[in-house]
Amino acid sequence: MEAILFYLTATVAILSAFFVTKCRNPVNSALNLVTTFLCLAVFYVMLESPFMAAIQIMVYAGAIMVLIVFVIMLLNLGLTVKTRYSHGLATSGFLSALVLLITTYMVRAGEATGIGGDVTSEVISSYGHTELIGKAMFVDFLLPFEIASILLLVAIVGAVILSKREV
Amino acid sequence: MITVNHYMLLSAILFSIGTFGVLTRKNAIVIFMCIEVMLNSVNLTFIAVSRHVGNMDGQIFVFFVMTVAAAEAAVGLALMIAFFRNSDSIDVDDFNMLKW
């Protein structure tokens, strides 16, 4: 059952990611990207991380995709008719196949070490995933959390300044 | 039985699809979306290995990757709007104003 769900969702994720790169209309690419994000949220649920699935849908499929679709419609882009020259296409296909081969080799070359940490399935089901994330974030990672908030503030100010007509 | 290797292979495939899109497309927004696919494949690796190892730190990393992606989306799309306003195009081949 788990394997069927995994392979089905993986097929949908790979196909929609491929169509992100292949669609001529940017809006179609954006909608395929939403499908990829939803499939990844399914994987996060299968990995017993429901909080990550929730923020994947809210932040990525909600906020970021709304921003991207908004900009696509604001710029009123047409279909892309120009494509890159064919030997460029061949080179980039070769390069990405090389990336795939290297990463596959690295995955198959060794085993993940340190198996048997303290966060097991029983711990997650007794405490709840959100509580564990909150404890880790606000106790061990408090300073990076505050730095992230400053980063978001800087990004907001930067976006406002950049999109003003004259500064 | 689905092991951590399945998830890592899947995210390797997604990462290479994203690389292919970044290298082949000309539209800057589509390139941006392909970068999002690459970021998400890395997030999948982080969560799968975090569950496999039994440690919460990888999922905190995913949280920060999402924060950086949101900041990147805001600033990058503002840059694209500013560029489109100047040159009426969003092809990466037209991004050559810093050449001398």
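Chain B is built from 3 helices and 0 strands, which follow one another along the sequence as α-α-α. Helices here are DSSP runs of H or I of at least four residues, strands are runs of E of at least two, and both are numbered from the N terminus. The model is a predicted one, so local features need pLDDT of at least 70 and side-chain atom pairs count only at pLDDT 80 or more, while totals for chains, interfaces and linings use all residues. Residues are numbered from 1 along each chain as its sequence is written, and chains are lettered from A and ligands numbered from 1 in the order in which they are written.

As for overall shape, the C-alpha atoms of chain B fill a box of roughly 50 × 25 × 20 Å along the principal axes. The radius of gyration of chain B is 17 Å, whereas a compact globule of 100 residues would come out near 13 Å (taken over C-alpha atoms, with the globule rule being 2.2 Å times the number of residues to the power 0.38).

Now for the meeting of the two chains. In all, 70 residues of chain A are in contact with 60 residues of chain B, contact being counted if the C-beta atoms of two residues, placed from the backbone, lie within 7 Å. Helix 4 of chain A gives the largest share of chain A's side, 11 residues. Sorted by class, that side has 49 nonpolar, 16 polar and 5 charged residues. Nonpolar covers Ala, Val, Leu, Ile, Met, Phe, Trp, Tyr, Cys and Pro; charged covers Asp, Glu, Lys and Arg; the others, Gly among them, are polar.

Helix 4 of chain A meets helix 1 (residues 4-24) of chain B, and their axes come within 9 Å and cross at roughly 160 degrees. Axes are lines fitted to C-alpha atoms, for helices over the stretch in contact, and angles between N-to-C directions run from 0 to 180 degrees. The two helices are therefore roughly antiparallel to each other, a label for angles over 145 degrees. Among the residues that meet are Leu89(A), Ser92(A) and Val107(A) from helix 4 of chain A, and Asn5(B), Phe15(B) and Thr24(B) from helix 1 of chain B. By class, this helix pair's contact has 13 nonpolar, 9 polar and no charged residues.

Chain A itself is split into domain 1 (1-80) and domain 2 (120-167), with bounds from an automatic or database domain assignment. Their C-alpha centres lie 21 Å apart, and 4 residues of domain 1 are in contact with 5 residues of domain 2.

Terms used. Parallel < 35°, antiparallel > 145°, perpendicular 65-115°, else oblique.
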